[in-house]
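Reader: Please take me through this protein step by step. I would like each answer to end on the value or name I asked for.

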Amino acid sequence: MKKILVTGGLGYIGSHTAVELLQKEFEVIIIDNLSNSTINVLEGITNITKKPPTFERLDLREKAQVEDFFLRNKDISGIIHFAASKAVGESVENPLLYYENNVNTLIYLLQECKAHSIPNFIFSSSCTVYGEPDSLPITENAPIKAAMSPYGNTKQISEEIIADLCAVHPEMNAIALRYFNPIGAHHSAEIGELPLGVPQNLVPFITQTAAGIRKELSVFGNDYPTPDGSCVRDYIHVVDLAKAHVIALQRLLSGKNESNLEIFNVGTGRGSSVMEVVHAFEKVTKQKLNYKFVGRRPGDVVSVYADTQKANDVLGWKAEKSMEDALSSSWKWEKKIRNIES
Ligand code: NAD
Ligand code: WQD
């Protein structure tokens, strides 16, 4: 069994990916500092898979500890690097935290890949690297625009660091996956998204509103040049996204990659407006959601959704789950963590 290091593996996307890996032929070792997750997630992963992953609480900013970890774990075949800070607004308030946590940690990990000849590396990138697209759907060849936040900049810089390394180390193989908007939870409701404080993202705000934790959803803008005036995004079920990582990893492990750095959009290819998400949630849960229209949120792009042809044809991956699947799983998860009876 190949041993895979999943950094940030107790977080939202990492935990779902750990499940998919454990359900295939992989052994999983998770590193997480619990800065945006809880140790209970480990139990959720184990309940689903009946195979406990190895867990090490470690802060990837601690270079000496990272070095020590790799000295103790010489049999790692690949790394999926999720650990990062991801709140766009917080990155504007505290840019150094973001550059340290997102860029330094990447460098430390890549240094260990070099030192211990670990050739396979998968990186969590983001559609945020595209900024406001010139045309839709957006392909991987679309120009990278000036980042709209320090967070977005860390993803652009990270991709450049990986590209520079791969250019001079042909033995290194990397895939950067540019995620669109992950939503949903595992159908078992054993794991899901756990936002700290007031959610910044749409779906957790919706489910918390339906659960009575928030009074109403503020819909940021109804005067955009879109069919219903609200912003359009590509919402992808987190389990579909997790599966893309397993397929990307298998591609690297079997040497099927066409170059030593490949980049794929991971989305559904469908754009949905904020109001379409609200109405789909109401339909799935058979209840009205309290919402009001407010002004635009600074920094929001109008419309972005993926061209997924490269991921479909080259990676051999396609999103399978619907928006309704995703929203009902998010709602099931929210009810479980709030002890709400069905
Ligand atoms: P998350 O916050 O749920 O998970 C990240 C995990 O990494 C957390 O468990 C956190 O405790 C851990 N972590 C953070 N810093 C660490 C450090 N220094 N050392 C060890 N562990 C650390 O986030 P997520 O939504 O699962 O996102 C995973 C990755 O995907 C991130 O790189 C994020 O930028 C990227 N991404 C997320 C989205 C999204 O909308 N969720 C979209 C595009 C890209
Ligand atoms: C979605 C839509 C909001 C909350 C962010 C990051 C991006 C990526 C994914 C990591 C927008 C609207 C939201 C609310 C609303 N993350 N909205 N009321 O902004 O597309 O992307 O997460 O890489 O980098 O920027 O996602 O979920 O915040 O917003 O009306 O209370 O919902 O305006 O149109 P976003 P989001």
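**Strands, helices and cysteines**

Author: Strand S2 (residues 26-32) and strand S3 (residues 54-57) run parallel and are joined by four bridges. The model is a predicted one.

Reader: Which residue of S3 stands opposite Asp32?

Author: S2 and S3 pair in the parallel sense. Within S3, the residue opposite Asp32 is Arg57.

Reader: What is the handedness of the β-α-β unit that contains S2 and S3?

Author: The unit consists of S2, helix H2 (residues 40-49) and S3. Its handedness is right-handed.

Reader: What is the mean pLDDT of the protein, and which element has the lowest mean?

Author: The mean pLDDT of the protein is 97, with 100% of the residues at 70 or more. Among the elements, helix H1 (residues 12-22) has the highest mean, 99. The lowest, 96, belongs to helix H4 (residues 88-93).

Reader: What length does helix H6 reach from its first C-alpha to its last?

Author: H6 covers residues 150-168, which is 19 residues. At 1.5 Å a residue, 27 Å is expected. The model is close to that, at 27 Å.

Reader: Which strands are among the elements that cover the buried residues of H6?

Author: The buried residues of H6 include Tyr151, Ile162, Leu165 and Cys166. Their cover includes the helices H4 and H5 (95-115). It also includes the strands S5 (120-126), S6 (173-179) and S11 (261-266).

Reader: How many disulfides does the whole structure have, and how far is Cys166 from the nearest cysteine sulfur?

Author: A search of the whole structure gives zero disulfides. Cys166 is in none, and the nearest cysteine sulfur belongs to Cys113. A disulfide needs two sulfur atoms within 2.5 Å, whereas the distance here is 9.6 Å.

Reader: Is Cys231 buried or exposed?

Author: The closest cysteine sulfur to that of Cys231 is in Cys127, 12 Å away, so the two are too far apart for a bond. The relative accessibility of Cys231 is 4%. Because buried means under 20%, Cys231 counts as buried.

Reader: Which helices do the buried residues of helix H11 pack against?

Author: In H11 (residues 323-337), the buried residues include Met323, Leu327, Trp331 and Trp333. They pack against strands S7 (181-183), S10 (235-237) and S12 (272-273). The helices they pack against are H7 (202-210) and H9 (274-285).

Key. Residues are numbered from 1 along each chain as its sequence is written. Chains are lettered from A and ligands numbered from 1 in the order in which they are written. This is a predicted model: local features need pLDDT of at least 70, side-chain atom pairs count only at pLDDT 80 or more; totals for chains, interfaces and linings use all residues. Side-chain values use heavy atoms; hydrogens and water are left out. pLDDT is the predictor's confidence in each residue, from 0 to 100. Helices (H or I, at least four residues) and strands (E, at least two) are DSSP runs, numbered from the N terminus. The expected span of a helix is 1.5 Å times one less than its number of residues. Buried means under 20% relative accessible area, exposed over 50%, partly exposed in between (1.4 Å probe, protein chains only). Contact means heavy atoms within 4.5 Å. Two strands pair if DSSP finds at least two bridges between them. A crossover is right-handed if, with the strands pointing away from the viewer, the path from the first strand over the helix to the second runs clockwise.
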